[in-house]
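Here's a quick tour of how this chain is put together. Let's start with the domains and then move to the core.

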Amino acid sequence: MRSTRTLETDVVVVGAGLSGLVAATGVAAAGRRVVLLDQEPVASLGGQAWWSFGGLFMVGSPEQRRLGVSDDVALALDDWCGSARFDAGAADGVGPDRHGYAWAKAFVEFSSGEMRRWLHDKGVRWFPLVQWAERGGHLAGGHGNTVPRFHVTWGTGPGLLEPFVRDALDLHRAGLLDVRGRHRVSSLVVTDGRVTGVRAEVLAPSAAGRGEPSARDVVGEVEISASAVVVASGGIGADHELVRSRWPASAGTLPARMLSGVPGSTDGRMLATAARAGAALVHEDRMWHYPEGITNHSPVWGRHGIRILPGPSSLWLDADGGRLPAPLFPGFDALGALQHITRRGDSHSWFVLNRTILETELALSGSEQNPDLTGRDLRLLADRVLPGAVGPVARFAEASPEFVRGRDAAELAAGMNALVAATPEDRGHVDADALARTIALRDDQVRSGLGKDPQVVATAAARRFLVDRVMRVAPPRPLTEPSDGPLYAIRLSVLTRKTLGGLHTDTSARALDGSGEVVPGLWAVGEAAGFGGGGVHGHRALEGTFLGGCLFTGRVAARSVAGELA
Ligand SMILES: Cc1cc2nc3c(=O)[nH]c(=O)nc-3n(C[C@H](O)[C@H](O)[C@H](O)COP(=O)(O)OP(=O)(O)OC[C@H]3O[C@@H](n4cnc5c(N)ncnc54)[C@H](O)[C@@H]3O)c2cc1C
């Protein structure tokens with residue numbers, strides 16, 4: 001039988017991703033002893049944020065102003081609420097969305113100045129060309145960003161993590177922060193209704209590199225008593241069965257084959273562990289997965305997929321070759337497009353484009369797919385405005401079997417059908433004549449110079465924004481323009497990523513039970529807390545709000561815990 005070691009500290013933080021690092025360093029900086037536990041080796045410190053693109057939703061920033069973008073808190077909150085579609089009563093402090101709404105209001109405020117000043121003081125900087133994610137395309141009160149707000153961190157995810165890792169090392173040297181990898185929390189200790197510590201399995205040492213799967217052999221056990229426990233364990237995206245079981249029936253069926261946009265550590269197990277100790281989970285059916293995943297040619301974790309960050313010009317076709325309805329254009333409404341696909345029961349969808357669009361508009365999410373921004377390499381960065389695809393995109397176009405090429409629609413359709421092994425009798429067979437007609441109809445709209453097709457109109461409108469014109473949106477020309485050829489079709493798969501629901505928390509990040517009462521001794525932050533309140537995003541997200549949500553919830557929790565222990 002294994003013996004259980006015991007330990008005593010002030011605060012235990014479960015999970016060393018961005019939210020856990022912010023919470024742990026914040027409490028330790030206030031003079032409290034903190035133990036920060038993670039099931040992965042210390043090599044994976046930083047969790048998902050290290051892999052992230054480092055995009056932050058910011059409002060009214062100097063970067064926006066320099067580009068002539070006018071933005072403010074009122075506009076951003078309107079966009080947020082139009083996307084979130086919080087349940088009735090949320091704004092009046094009623095119902096399960098009341099805390100999510102309160103967090104949303106506070107987060108939009110935080111994003112409009114305080115967040116940037118705080119990070120800037122820590123040495124974080126941003127790529128000056130603000131990007132326009134989730135353009136929406138619905139009516140004014142609906143989903144989407146009215147203006148560009150996606151600020152890519154100089155150094156991407158690793159650049160954002162840098163100051164918090166530096167703080168962690170300083171606090172470690174000062175004896176206030178004890179970081180322990182290979183410790184998986186298996187239960188919370190509850191004494192007289194208060195959370196008073198954790199029990200953790202000690203996992204066998206592992207030489208797994210960052211993000212790689214690590215073994216789960218248990219070699220010991222430790223019980224750590226503490227006055228406060230902060231759950232920062234992330235979402236559920238790596239457990240596809242869990243994702244499937246939470247996917248709302250009204251949104252159809254997720255395909256049998258999906259890609260993982262998160263490392264295996266995003267397993268969601270800790271959420272059930274917290275629930276067993278009395279914490280309530282809310283909005284578990286709200287998720288933010290992407291329809292634009294492609295298989296990574298150099299996988300790090302199981303089923304590793306990469307998300308395409310598309311510009312607006314590609315045609316988006318369902319598995320049978322039909323166009324997705326307006327406004328489900330690339331980069332406009334990720335969840336709307338995903339639900340269209342799952343309601344049809346499709347296993348995949350397609351982008352159809354040409355070489356010029358591929359070179360101008362295709363970008364890939366993730367730090368390792370953006371070596372110029374991650375490595376702060378100005379010479380490489382210049383490639384983004386020069387002719388030709390940037391290196392990682394060019395590599396996918398060459399190496400990935402999911403990129404099909406054709407001189408004309410007939411050749412393209414043949415390649416698409418071969419890739420998915422579809423015969424004319426099958427669902428998921430793309431008819432060559434129908435494809436040629438779809439492309440011709442679109443091209444006639446472009447040739448008209450004006451047009452009624454809302455995608456063609458929106459694409460032309462996007463080019464009024466300098467950044468889009470210079471580096472993100474191809475000039476409006478027919479897809480079949482010979483000098484822009486060949487044609488490409490890219491097979492897109494569903495890629496799991498973010499969990500929008502989670503542990504219900506109040507505005508101090510304290511966990512709540514099923515009756516809405518505080519669970520004494522327990523806090524939750526980051527994705528585990530639905531980025532605040534168990535669902536700060538409501539039903540849809542505006543992008544760049546996840547890293548920001550980790551920063552904000554981590555900071556609020558640190559202050560709340562430090563205040564309670566004072
Ligand atoms: C490729 C990629 C690109 C992204 N790009 C962006 C972007 O540009 N902008 C944006 O806003 N967001 C982006 N995101 C999302 C964002 O990075 C994540 O939502 C965020 O980093 C989650 O942080 P977290 O601290 O909540 O959880 P995580 O980073 O998942 O960390 C949780 C940690 O808890 C540990 N853990 C779990 N259970 C236990 C347990 N029982 N015991 C001990 N440890 C446990 C895990 O091992 C993990 O290390 C991206 C994500 C990815 C993967």
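This is a predicted model: local features need pLDDT of at least 70, side-chain atom pairs count only at pLDDT 80 or more; totals for chains, interfaces and linings use all residues.

| Domain 1 | 30 residues |

Now take the side of domain 1 that touches domain 2. The elements giving two or more residues to that side are helix 2 (48-51) and helix 6 (156-173). Helix 6 is the top contributor there, with three residues.

On to the inside. Nonpolar side chains tend to be buried together in soluble globular proteins. In this model, the largest nonpolar core counts 151 residues. Which residues have the most contacts inside that core? They are Val 14, Val 229 and Val 230. Helix 18 (residues 545-565) gives the most to the core, with nine residues. The core also draws on both domains, taking at least three residues from each of domain 1 and domain 2.

Setting aside neighbours within four places in sequence, Val 230 is in contact with Val 11, Val 13, Val 14 and Ala 23, along with Trp 523, Val 525, Ala 557 and Val 561. One of those partners, Val 14, is itself among the residues with the most contacts inside the core. Ala 557 and Val 561, also partners of Val 230, fall in the range of helix 18 (residues 545-565).

Definitions and conventions. Residues are numbered from 1 along each chain as its sequence is written. Two residues are in contact if their C-beta atoms, placed from the backbone, lie within 7 Å. Helices (H or I, at least four residues) and strands (E, at least two) are DSSP runs, numbered from the N terminus. A nonpolar core is a set of buried Ala, Val, Leu, Ile, Met, Phe, Trp, Tyr and Cys residues joined through C-beta atoms within 7 Å. A residue is buried if 20 or more other C-beta atoms lie within 10 Å of its own, exposed if 12 or fewer, and partly exposed in between; C-beta atoms are placed from the backbone. Domain bounds come from an automatic or database domain assignment.
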